[in-house]
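This report describes one protein structure, moving from a single residue to the overall fold. Please consult the sequence and the model shown here.

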Amino acid sequence: MYKLLNTFMSMNAIDNHAYQHTIIHHLHPLLKMICTFIMIVFIISTYQLLELIIYTLIIIIIALLSHISIKKLFSRSLLGLPFSLCLGLSFLIFDHKIISFYGFIIYEGILLFILVLLKTSLCLMITYILITTTPFDHLTSQLIHIKVPSTFVLSLTMTYRYIYTLLDEAKTMSMAYLLRNPNVQGINIKDMGSFVGHLLIHSMNESQYVYECMLCRGYDIQNSYQRCEKFEIDNVFLIMMFVSFMVIVKVII
């Protein structure tokens, strides 16, 4: 139950941090979304370890300007470790080609393994910075403004909002389970299937009630996110500067 509470508190902390006042927070939401997408493309498309190290330094500088804990930034990047680890291990097993890397003779699979782990971590880091420096409502407003299908935006919004409903229901059920079984430290394996099933049913019912209440109050995604900041010419200039800098880094390296 403590893990659930910590997860709930960490999500609240992300929402609260998005409303702080720093240089990065004050940037236009669409500008941050575009720059995040561009940086992810540059990270994925490179196979140079030194270039990825430079991108790491850039992300750390952005995090410091955003008042984001570097320790927390790196810990959040570990969420994708299981997926990248599976892909990286496949390179280690099947790729035994010997190459020269800055004067060192190594297997190509080892280099690809390191690149996969680093790329995954960097993409998660820059995405984490985006969601912790931009309120979620501002992101959805910009998605509607750039004509992203409203069905997709609605699904994204409902998924994000219902996470709190799921965690709150899980917290209530965990507390009830522990009160009925005071001698156990957690949920027993034999009860896990029933617990997860009831949690899913209760969460779906609660989410349906919430959505119906929203509709009764006149909720319409097309009209709910009409207020968005105007994209000024200086934001276009900043995007051009950012792209130019990224191209220079790629060309030099």
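## Histidine 21

Histidine 21 has a relative accessible area of 66% and is therefore exposed, since exposed residues are those over 50%. The model under discussion is predicted. Histidine 21 lies in the loop that joins α1 (2-17) to α2 (29-45).

The C-alpha atom of histidine 21 is 9.1 Å from that of threonine 133, although 112 residues separate the two along the chain.

## Cysteines

Where do cysteine 35 and cysteine 123 stand, buried or exposed? Cysteine 35 is buried because its relative accessibility is 14%, and the limit for a buried residue is under 20%. Cysteine 123, at 15% relative accessibility, is likewise buried. Across the whole structure, a search returns 0 disulfides.

## Secondary structure and contacts

The protein contains 11 helices and 2 strands. Their order along the sequence is α-α-α-α-α-β-β-α-α-α-α-α-α.

Among contacts in the protein with a separation of 6 or more, 75% involve residues 24 or more positions apart.

## Burial and surface

The protein has 253 residues, and 36% of them count as buried. Its accessible surface amounts to about 15,800 Å². Carbon and sulfur atoms contribute 70% of that surface.

Conventions: Residues numbered from 1 in each chain as written. Predicted model: local features only at pLDDT ≥ 70, side-chain atom pairs only at ≥ 80, totals over all residues. Heavy atoms only, no water. Helix = DSSP H or I, 4+ residues; strand = E, 2+ residues; numbered from the N terminus. Buried < 20%, exposed > 50% of the residue type's maximum accessible area, 1.4 Å probe, protein only. Contact = heavy atoms within 4.5 Å. Areas by Shrake-Rupley, 256 points an atom, 1.4 Å probe, with all protein chains shown as cover. Disulfide = S-S within 2.5 Å.
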